[in-house]
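Q: Could we go through this structure together, beginning with the overall fold and then turning to the charged side chains?

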Amino acid sequence: MPQQKDIVKIAIQMPGAYPQLIQLDQKKPLSAVIKEVCDGWNLPGPENYALQYADGVQMYITESVSHIYGRCAEDLYKGIQSSDAGVRCDSLKELASVSTDVTFAQEFISRDGHLLLVKIVEDCNESNVIMTHTLTGFMELMDHGIVSWENLSSVFIKKIASFVNAKPTDASIQQVSLDILESMVLSSSNLFLQVKLEVTMERLIAHLQVTNQQIQTKAMALLMALLQTAADSDRQDMFAFLNKKNLRQYIYKNIIHSSGSVQDEMAHYLYVLQSVTLNHLEPRMRTPLDCYSQEQRDILHGLRQAAFETESDNSLSHERRRSLCAKEFKKLGFSNNSNPGQDLVRTPPGLLALDTMYYFAARYPDAYSRFVLENSSREDKHECPFARSSIQLTLILCEILRIGEPPSETRSDYHPIFFSQDRLMEELFCVCIQLLNKTWKEMRATQEDFDKVMQVVREQITRTLSSKPTSLELFKNKVNALNYSEILKLRQTERLHQEETLAPPVLELKERLKPELLELIRQQRLNRLCQGTMFKKISSRRRQDKLWYCRLSPNHKMLHYGDVEEDLDNPPIETLQEKIPVADIKGLLMGKDCPHMKENKGKQNKEALDLAFSITYDVEEYSLNFIAPSRTDFCLWTDGLSVLLGREMSSESMRSELEILLSMEIKLRLLDLENVPIPDSAPVVPKPPSNYNFCYDFSQTEQ
């Protein structure tokens with residue numbers, strides 16, 4: 001007779017059948033339990049079935065998982081070859097769904113199931129729906145890295161490319177075909193060359209002009225993969241072709257100014273295109289001026305002549321002309337006026353500074369002449385040196401636009417203005433050099449203030465670009481409105497936010513307030529964990545299109561997590577299938593110590609390392625790995641997990657918030673002491689009086 005504690009009631013369900021509520025005797029062999037369940041549904045062959053937890057993923061009570069997967073793989077393998085189109089369609093649809101599981105994928109591929117899918121694509125005799133399921137299943141199988149992309153035939157590659165190149169094709173087929181081609185390009189140089197030959201750039205540009213955002217994103221992904229994988233010479237040719245076809249104008253019109261917002265993945269590809277394009281300026285930025293180059297000397301003299309050349313200049317003697325040139329180069333703002341090329345030897349900005357100066361003089365000759373002549377007429381100490389300012393401004397723009405830095409795998413901070421201009425660097429320089437002259441006058445600057453002026457100009461540019469202006473005209477208006485007095489006001493506001501009194505009594509008060517405010521931050525962190533966060537899965541193909549959600553239970557005892565759909569912002573806690581007891585969490589790992597960072601060693605950049613953290617549980621045998629969507633989320637989660645583990649919070653966000661709260665609390669406490677100097681030490685307590693006769697005795701009742 002089984003003990004009552006060994007019997008539990010559980011609900012069992014199966015698609016297409018009524019659920020069963022059974023009393024599970026935990027001492028009974030599991031095979032006998034499964035047989036009883038199968039008998040309840042009149043199912044033959046109970047050995048072919050297993051029980052799966054309702055709140056888990058791929059967690060089975062029985063040990064016959066591989067057998068179940070093998071049976072499933074065999075059934076689908078046969079169903080795909082059925083003569084009935086309906087059976088083939090259903091089998092391929094289910095295959096596309098279950099192929100995300102690596103164990104199933106191994107079983108299916110071991111039967112050469114992937115080759116069966118390749119043959120379906122090569123024969124191309126199926127309907128669009130069946131073909132979509134076939135391609136989706138194939139993509140999911142290949143995503144596990146079990147089979148090499150190199151093994152694919154040229155016939156298959158051409159057929160996939162034809163889906164992309166064909167105009168009247170189903171959107172779903174084109175979407176997954178673009179996905180497959182991107183993976184091919186990223187996997188090997190040989191496949192890159194084949195895809196480059198088969199896919200026409202015109203069709204990729206055409207895909208960017210459709211209204212389907214998914215097609216736009218996949219086309220952009222393939223385009224960026226081709227550009228980044230190409231050799232330098234090929235990349236130059238591809239850029240020349242894309243510029244000829246007005247790629248940026250199409251992006252500006254159909255993506256940036258489309259009715260829908262730019263999604264994160266598309267924003268990343270726009271950033272990559274911006275980065276790769278601007279990096280074409282890197283060779284000029286890294287190359288110093290060659291004083292023996294006649295072409296470069298001619299450009300330097302062209303700058304001088306555009307500002308100062310007179311008709312009588314040619315009639316002067318050699319020595320006189322040389323002396324006059326030196327004076328004019330000095331007026332232009334070169335430090336080495338006898339040999340101005342020496343000013344451009346420093347790299348960066350190198351020759352890029354010469355290019356921007358020459359572009360400004362040639363494109364806007366009136367503004368150039370006005371700048372130079374206006375400063376020539378000022379006193380020496382108040383003149384704004386054009387050449388020195390231009391060289392430093394070019395360097396600042398290179399740093400702001402990150403010229404010379406390889407594209408990051410996670411950044412998405414593109415500038416919409418980039419897609420509105422063919423020569424963004426040069427046009428920004430033309431606006432900003434005039435801004436610099438304006439700011440110089442507003443600051444009443446002298447030569448000694450040069451570095452201060454450049455700091456203000458850098459701040460004006462970065463603040464304006466952070467507002468994401470969509471056109472050069474808008475940038476020009478905003479940056480000129482942000483004059484020196486506005487910068488001072490902004491700085492003053494920020495300084496007031498950060499200001500703190502350093503008097504010892506106030507510092508002592510801060511120390512007394514800290515425990516209370518730290519407890520407030522701890523509660524905020526735990527509340528934030530209870531709200532939960534959406535995290536992105538980054539696969540081996542560096543894609544970020546799969547999402548999962550994690551949140552803390554209201555009683556702070558369980559971490560719930562699970563896969564979610566993109567359009568679900570705040571999934572209920574009941575829909576998250578997985579959970580980890582907080583009591584089982586053994587440790588918190590960050591950065592390069594995380595298991596998923598060690599596994600991908602060499603592939604992760606600094607940004608991914610800065611956002612990675614993991615928790616270990618069950619005697620440190622298992623880990624749950626995270627890559628936070630932002631540094632703020634990283635700080636919130638690592639602090640919250642530290643609180644749950646009974647550790648001190650250590651993030652920079654916590655320190656910043658503590659300082660803000662302390663500053664606010666101190667200011668509130670000191671409101672009554674405004675303009676009252678606070679002494680460094682407490683006033684001396686006077687000696688007690690000789691007698692206390694002045695005290696009133698309340699013990700006697702008044703008559």
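Q: How many helices and strands are there in the protein chain?
A: This is a predicted model, and its protein chain contains 29 helices and nine strands.

Q: Is the chain compact or spread out?
A: The protein chain is more spread out than a compact globule, because its radius of gyration is 35 Å, well over the 27 Å that the globule rule gives for 703 residues. Along the principal axes, the C-alpha atoms fill a box of roughly 115 × 115 × 40 Å.

Q: What share of the residues is buried?
A: Buried residues account for 43% of the 703 residues. The chain exposes about 38200 Å², and carbon and sulfur atoms supply 51% of that area.

Q: And the contacts, what percentage join residues at least 24 apart?
A: The figure is 64%, taken among contacts between residues at least 6 apart in sequence.

Q: Changing topic to charges: how far apart are the mean positions of the positive and negative ones?
A: They are 4 Å apart, for 80 positive and 96 negative charges.

Q: How many salt bridges does that give us to look at?
A: The count comes to 31 salt bridges.

Q: Which residue does lysine 218 pair with?
A: Lysine 218 forms a salt bridge with aspartate 179, and their closest N and O atoms are 3.8 Å apart. This pair links distant parts of the chain, with lysine 218 in helix H11 (residues 213-229) and aspartate 179 in helix H8 (residues 171-187), 39 residues apart.

Q: Are those two buried or exposed?
A: Both lysine 218 and aspartate 179 are buried.

Q: What about glutamate 657, which residue does its side chain meet?
A: Glutamate 657 meets arginine 525 in a salt bridge, at 2.9 Å from N to O. The two lie 132 residues apart and link distant parts of the chain: glutamate 657 is in helix H29 (residues 652-669) and arginine 525 in helix H25 (residues 504-531).

Q: Why is arginine 525 classed as buried?
A: Arginine 525 is classed as buried because its relative accessible area is 0%, and the cut-off for buried is under 20%. Glutamate 657 is partly exposed, with a relative accessible area of 27%.

Q: Where does lysine 441 come in?
A: Its side chain meets that of glutamate 374 in a salt bridge of 3.0 Å, N to O. Glutamate 374 lies in helix H19 (residues 365-376) and lysine 441 in helix H21 (residues 424-442), 67 residues apart. Glutamate 374 is partly exposed at 25% relative accessible area, and lysine 441 is partly exposed at 42%.

Q: Which residues are linked in a network of salt bridges?
A: Glu74, Glu107 and Arg111 are linked in such a network.

Definitions and conventions. Residues numbered from 1 in each chain as written. Predicted model: local features only at pLDDT ≥ 70, side-chain atom pairs only at ≥ 80, totals over all residues. Heavy atoms only, no water. Salt bridge = Lys/Arg side-chain N within 4 Å of Asp/Glu carboxyl O. Helix = DSSP H or I, 4+ residues; strand = E, 2+ residues; numbered from the N terminus. Buried < 20%, exposed > 50% of the residue type's maximum accessible area, 1.4 Å probe, protein only. Rg over C-alpha atoms; globule rule 2.2 N^0.38 Å. Contact = heavy atoms within 4.5 Å. Areas by Shrake-Rupley, 256 points an atom, 1.4 Å probe, with all protein chains shown as cover. Lys, Arg positive; Asp, Glu negative; His and termini not counted. Charge placed at Lys NZ, Arg CZ, Asp CG, Glu CD.
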